[in-house]
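The sequence and structure come first.

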Amino acid sequence: MTDQGTQPGATASTDPSVLVVIVNYRTAGLTADCLDSLTPEVAKHPNTQVTIVDGASGDDSVTDLQHHITQQGYAGWATLLPLEHNGGFAFGNNAAIRPALAGPEDQRPDWVYLLNPDTVLRPGALTAALNHLQAHPDIAILGTRLEHPTGEPQHSAFRFHSVLGEFEHGARTGPITKLLKQRVVAQPIPEAPTECDWLAGASVFIRRDVFDAIGLLDEGYFMYFEEADFFQRARAAGYACYYLPSSRVVHLVGAASGVTSHETRKTKRRPAYWFDSRRRYWLTHHGRFGLYASALAWTLGHAIAKARDGLARRPSPYPPHLVRDLLRSTFFPKRPRLAAGFNPPAQPQPTPAPQPS
């Protein structure tokens with residue numbers, strides 16, 4: 001496939017209909033910035049509607065976002081859907097997708113665009129994606145380029161997880177990575193439209209017939225691994241994923257989840273739901289043997305990395321208690337905390353996103 005670029009001439013009459021879904025949880029400022037970045041895109045593509053799902057934030061998110069929608073004149077294309085409890089990323093997205101796909105045929109969106117609240121669209125991002133999809137009607141799933149505010153690209157196109165891939169990820173050591181380069185989950189960032197196994201859910205277009213064929217996102221995942229699960233099910237049904245670098249979206253890594261920070265490079269202890277999701281993914285797609293083998297492979301690789309860092313007298317870049325938490329969740333899991341209504345610890349309100357240039 002070759003890059004068709006951003007082609008002029010897109011009009012409302014030829015545009016597909018798009019439902020943009022943004023799930024907010026105590027990040028109203030970021031969500032408002034994301035909406036603002038969508039405004040010029042929606043003006044060029046009026047067949048676009050946006051649903052902001054609030055996952056029972058319990059703060060002023062609903063009031064603040066509704067005020068922002070009203071005051072900025074977004075009510076014609078943006079709606080707010082408050083939920084009674086926080087069921088996680090998949091649950092929140094499904095709350096908007098399910099009724100949209102269940103409506104009359106002429107009102108069902110052609111595409112669902114999953115968009116994180118901690119994102120800001122660069123000018124022309126939506127146009128580039130829609131033009132590429134129109135030029136390549138065989139594409140069913142398309143992810144955009146994610147980048148830091150500086151323009152530095154982020155990994156958002158991936159290979160499926162494997163036991164050898166877990167060993168490489170744990171080791172992160174040159175010779176091992178070179179030997180297992182075809183198993184590295186985070187593949188090199190593509191510079192041209194490229195097929196990949198799965199995509200980061202922060203900015204991804206999914207054609208409606210994919211949902212018709214394989215169902216919605218699995219709500220058994222509170223957060224993390226739900227994208228890998230969904231796209232692995234899509235691949236099994238014959239749908240491929242593509243990555244488009246000409247559609248650029250700023251992603252403030254960790255600003256919504258609070259798990260990591262690109263600017264400070266500090267990593268917090270991974271929450272229990274991350275390990276619950278990891279366990280669910282491996283059991284679903286690789287069975288119990290795969291789950292156990294993956295944990296042991298990662299731990300062995302991690303031991304190599306720790307020895308390397310110790311010899312080099314480098315500080316550990318890993319989250320606290322990572323090995324203990326991984327092995328305990330794999331071999332001695334507690335009762336899963338994935339039921340609807342589970343709320344993760346509240347995160348501080350992040351600094352509003354910078355406006356794109």
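Helix α5 (residues 163–171) packs against α9 at about 30 degrees, and their axes are 6 Å apart. The two are therefore roughly parallel to each other, a label for angles under 35 degrees. Their crossing is right-handed, meaning that the near helix is turned clockwise from the far one by less than a right angle.

The model is predicted: local features need pLDDT of at least 70 and side-chain atom pairs pLDDT 80 or more, while totals for chains, interfaces and linings use all residues. Numbering runs from 1 along each chain as its sequence is written, and side-chain values use heavy atoms, without hydrogens and water.

Helices here are DSSP runs of H or I with at least four residues, numbered from the N terminus. Axes are lines fitted to C-alpha atoms over the stretch in contact, with angles from 0 to 180 degrees between N-to-C directions.

Helix α8 (residues 226–236) also meets α9 (residues 272–312): their axes come within 10 Å and cross at roughly 20 degrees. That makes α8 roughly parallel to α9. This crossing of α8 and α9 is left-handed. On α8 the contact (heavy atoms within 4.5 Å) involves A228, D229, Q232 and R233, and on α9 Y281, T284 and H285.

Just after α9, R313 has a positive phi of about 55 degrees.

Key: Parallel < 35°, antiparallel > 145°, perpendicular 65-115°, else oblique.
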